[in-house]
Each structure stands twice: as structure tokens, then as C-alpha cells.
Amino acid sequence: MPRPGVSPGQGRPRSGRERASDWSLGGRCPSFLWLALALALPDSLVLWSPVEAHPLPAQGHPAKFIRLAPQLQEAFGWWNLTCPTCKGLFTAIDFGLRTQASVAWVGSVAIKLCMLLKIAPPAVCQSAVQLFEDDMVEVWTRSVLSPSEACGLLLGSSCGHWDIFSSWNISLPAMPKPPPQPPKPPAPGSPVSRILFLTDLHWDHDYLEGTDPNCENPLCCRRDSGPPPASQRGAGYWGEYSKCDLPLRTLESLLAGLGPAGPFDMVYWTGDIPAHNVWQQSRQDQLRALTTITALVKKFLGPVPVYPAVGNHESTPVNGFPPPFIKGNQSSHWLYEAMAKAWEPWLPAEALYTLRIGGFYALSPRPGLRLISLNMNFCSRENFWLLINSTDPAGQLQWLVGELQAAEDRGDKVHIIGHIPPGHCLKSWSWNYYRIVERYENTLAGQFFGHTHVDEFEVFYDEETLSRPLSVAFLAPSATTYIGLNPGYRVYQIDGNYSGSSHVVLDHETYILNLTEANEPGATPRWRLLYRARETYGLPNALPTAWHDLVYRMRRDTQLFQTFWFLYHKGHPPSEPCGAPCRLATLCAQLSARADSPALCRHLVPDASLPDVQGLWSRPLLC
């Protein structure tokens, strides 16, 4: 079977942390440190953002560097810095920063800057910086502050090579692409499979009924949230419409109440198990969440096979997933090994092998179908380890090509599961993935993601004209309420297990727990069907063209869009109405399976409106 590429590299063991010294912000801070802090703090410490329309991710680090480069070159030009001096300077900086005293000093400056800018409450600033500082300094010294990178940026290509987040391409086999063959509807009476889809469970071990759901911290309804003001009610027993995650009893209720939605042939589970208290999580906390929720899933689903994917919250610090060339205590070995042990009853040896290396795997759940679970953290804009090298981390996309080619050769169909959707990825990763989807459109029968917490999709088109829909990625809603949502889960109906099956999605259903009803005194939780996609939207089928057409129908039909908006938020939309710019941005997101590609919406949005809509696209959603 194709195996993932592993790049050579060297890691640095993490040493014990010393307390940061009480340095004054008024003291002299070198320009490179202010640059690094300015670049890192917003993405690392902005821990929450309301769900809004549509939250395509912000440009992140690449755009920041591009905007800053001319100013930095001009500023450093005043120093008359020569290339040897520049490289000597940054070599000394890197050596000095690696000492524990320097890491603590950088952390103390970052804490004060975080508080000065009011990025988070003081206690959160301190805990978050102390959690991130070792890894961030390691990343900076191996990327933006390395002599070649920094001097290439400041003095030009004659003194180094600045290639952070530079473009790259994977290789496709020389074998010609077969002519497109859209799947045919299954014959009446053909078997249909039901796949339970769970994502973004976000169990909060410290959830406490009656606490303040609107506290100052990024996550509330917790033991440390304090009581609510006298005029407001506290957190509900089963969950709350606020910046809160779920108690274990709500997840137990979800799994115990699956009966009416079943029976299920398989379960796809795409990660984000721990809560959003990302400023205070230890590895022990993350492993407790992994083992507790895995045991719960096994208890209630019994012999039904479960196929997981890695979410961005499984690690700590959050979003921190080093590629395999990072060794030692800063690697992800601790997490992947625990996952392999917890999920061993569900996964064969070949899948466990790649899971232990890079958090991804492939297996054959039934004849004629190959399932590929991707580690989408290797495409993430928030994964700060990719500053070191973002070129096909872990060789995952090249491995994916090998798996798809082998499936095409066998005549198999493929499902892909993952956490972060492709349209939310770093540009080069996203564009390469888009190219792979187009090449293997006949083989790829389904794509299933989570992460955004809301109910949406992303349509893929042919790259030549960007007009022929050829695949669709389904983005299922979260189990968690974060932020202001009902708990929910998804069930997919798939062309079933028989010879010649297309294995495509035939329809899907979404189930929710209405928190208003569940939290009433004396009430018991009742999980109910919210809607069926084809029935609600009047779809002829669930193939890519039907979803493409739905977007353009919603562009013309405001009432249809309002139905979508209601269901997008799992039956609990925000009180603010979604006006025309919001509607265009939301609809454009459904067409944007490729990051930073406004051309995908050119037929949806008049040219004159594009700048305004692009402004909406830049709103971040950290899940």
C-alpha cells in the first residue's frame, strides 16, 4: 500500500518551564520579537468568535507576511545591514532564544502584550502564553527567524530564500484521466446504507449547571465561570445557547437516543473531542477526553464499526500538529499512540501504521469501497508548526494520490473523511486537494467533514471552466452548542453494499436536541429529526449538480435561503437578520471548496459587489 513520506528533521526536547521574569513592556524589545508577537498572538490567543455568515477563515499568516514585507525591508534598510551581518545577527538571536530564560522572557512580553491589547482576560493571557511559548519559540527560530528565511525577507533573494507558505504542487500519475462518468441513480429497491456522522462533540469535564453562561472567559458554563448576574438565569442542565460546550450527560443522551435514527452500518467520527478551554489544557486532559468519549461511543454503538478522524482540538496547544520530522517531546507521538491504542478495535494494522506516523489512514470497510481518513491539521492555517515547512506535510497528499490511483485501478469507490474542510485550508494545500478531487472524480464517491459547527457544504468544479460541478463535500453540524446552537448529529443514506454500488450519498438527515424544551423543569431530552435534505430543499438527488443548483435557487429565492439559514444553525439562528451581503457571503462559501479563489463565485456575485463580499469572507471562525 502507498506509505506516507516522512521528511528528515530534528526536534528539541521540551525542558521544564521557569517562571517568567517581571520585565517591563517599556524596556527595549528587539524588532524581530515585536514582529513575531504581532504575528502570533492574534491567531494563537483569539480563542472564540461568534458563528456568523459565512465564516470562511481569515487570510492568516501568509497575508500578514506579504503586507509586512515592504515595511520591514524599508525599516531594516536604514540599518545598512549586510548579508553576513544579517545572518550572524539572526544566528545569535536563534541561539539566544533557545535558552529557557529567553523563552520565559518572550512569554512575559507576550503576556503583557496580550493584556495590553485586551485579547483575553489576564488569567487566560497568562495561561495561554505559558502553554504556547515553548513551541512558538521553537517554531520561530526554525522559520521566520532562521537566518536564511529572515535575511531573504529583509535583504532579498541574494541573501537567503524566503519560502514560508510558498506555492507547491504534488505529482499526479502519468496515467490519463478517464472520461467523467457521473454516477447513475441506483435501481429501485437497491440496498441503502445508513452512516451515522458525529463531529465536534467538545465534552467539557467542568460543565456546571447554574453557572454564568456569559462570563468573561472564552468558554463559560464551567466551575470557574462564577454565578450569573441576579437578573439572568444560569447554564441549563443539558447545555446552553452561549459560548459553552456540553456536559457528559448530554453526549450520553445523544448516543442512548440514536435508536429512531438507526440502524447504522458504520459511523464516521471526525474529531474535536475536548472542550474549548484551550488556554489551560494538558496532555493528560486531552487523553482523558479521548479515552472517555471513545469508551462512551463503544458502549452505545457496540459492534457497529467506527472510523475516526483527528480534529484540531485533540492536541495541546490547540492546532499544534508538528509534521513527523519533528521528533522528541514536541512531536505528536504521544497523541497518535494513544489514538492507536483507543481505536485498535476498529482499525486494521495497515491503518494503525499510518495513524501512528501522521494521524491519517486508509482501509476497506466493505468490498468495493475504500475509506480514507485525512489529518486535516496538516492543511490548517492555525497550525503554527507549518511555518517551518508547509509543503505537503507528512507527504499526506502524495499518499492520498497513491491511494486514489490504486482504488481507480481496482475499480473501487472512495469516501474521504476529515475534520477541517478543504475550503478552510492553506491555499497551496487546498488547491492541490482540489486538483486531486478533479482528477479522481470518477473514483471519489463522498467527502465528509465537520469543524465549522454549522450545516453547510462545499461544491467542487472542473478546474478548466469552474462551471461543471463534479463533487461535493458535506460539512455536518456539531454535537456541541458552541456558540449558541442546538446539539445535533447527522445521518447519511448511502448507495448500499452490493456489487456495482456507486456508494454515493443519496440523502441526509439532521437530528437535534431542542435545548429550550430539554431544559424546562421536569423535561426529558428528546432528540428529533430536524429535516431531510432532499425533501426540504426539493432536490432531485444529492449529487453535486443538485447542490450547485440549490445555491443559485437560494440566490433568487429569499424564503428558501431563510430556510437554509435556519437549518444552517441547527434550528437556532442568531437574532440578527442575514441581509444581502451576509446572504451572498454565505452562498459563496457553499461554492468555495478551494481557498482564496473568488472566481468560484463570479456567476453568483456581480463584479461590483465582490470587494464587499470578500470583506465578509475574511471573518475568522476558530472551532
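**Entry 1: the annotated sites**

I began with the UniProt "binding site" annotation from the unreviewed entry, which covers Asp-272, Asn-312, His-419 and His-451. I was working on a predicted model throughout. The four residues span 180 residues in sequence, yet no two of their C-alpha atoms are more than 8.4 Å apart, so they gather at one spot.

I then turned to another "binding site" listing in the unreviewed UniProt entry, with Asp-200, His-202, Asp-272 and His-453. These residues are spread over 254 residues of sequence but cluster in space, with a largest C-alpha distance of 10.7 Å. I noted that Asp-272 is named in both annotations.

**Entry 2: where some of these residues sit**

Asp-200 is in the loop that runs between strand S1 (192-198) and helix H7 (248-256). I found Asp-272 in the loop between strand S2 (266-269) and helix H8 (283-301). His-451 belongs to the loop between strand S7 (444-449) and strand S8 (456-461).

Are they buried or exposed? Asp-200 has 0% relative accessibility and therefore counts as buried. Asp-272 also comes out buried, at 0%. For His-451 the value is 7%, and since buried means under 20%, His-451 counts as buried too.

**Entry 3: the six-stranded sheet**

Next I traced an open sheet of six strands, in the order S4-S5-S6-S7-S9-S8, with mixed pairing. Strand S4 (361-366) and S8 stand at the edges with a single partner strand each, so one side of each has no neighbour in the sheet. Ignoring direction, neighbouring strands are turned by 25° against each other on average.

I checked one pair in detail. Strand S5 (residues 369-373) and strand S6 (residues 413-417) pair in the parallel sense over five bridges. Ser-373 has Ile-417 in S6 as its bridge partner. I also saw helix H12 (residues 427-439) packing on the sheet, where H12 touches S6, S7, S8 and strand S9 (469-475). The direction of H12 makes about 70° with that of S8.

Leu-513 counts as buried because its relative accessibility is 0%. Leaving out residues up to four places away in sequence, Leu-513 touches Trp-238, Thr-250, Asn-486, Pro-487, Ala-518, Pro-525, Arg-526 and Trp-527. Another, Asn-486, is 27 residues from Leu-513 in sequence and 6.0 Å away in space, C-alpha to C-alpha.

**Entry 4: a helix pair**

I finished with helix H15 (residues 544-556) and helix H17 (residues 580-590), whose axes come within 10 Å and cross at roughly 170°. As angles over 145 degrees count as roughly antiparallel, H15 is roughly antiparallel to H17. On the H15 side the contact is made by Val-551, Met-554 and Arg-555, and on the H17 side by Arg-583, Leu-584, Leu-587 and Gln-590. By class, I have this contact down as four nonpolar, one polar and two charged residues.

Technical notes: Residues numbered from 1 in each chain as written. Predicted model: local features only at pLDDT ≥ 70, side-chain atom pairs only at ≥ 80, totals over all residues. Heavy atoms only, no water. UniProt positions renumbered as here; feature names shortened; annotations may be inferred. Helix = DSSP H or I, 4+ residues; strand = E, 2+ residues; numbered from the N terminus. Buried < 20%, exposed > 50% of the residue type's maximum accessible area, 1.4 Å probe, protein only. Axes fitted to C-alpha atoms, helices over the stretch in contact; angles between N-to-C directions. Parallel < 35°, antiparallel > 145°, perpendicular 65-115°, else oblique. Contact = heavy atoms within 4.5 Å. Nonpolar A, V, L, I, M, F, W, Y, C, P; charged D, E, K, R; others polar. Pairing = 2+ DSSP bridges.
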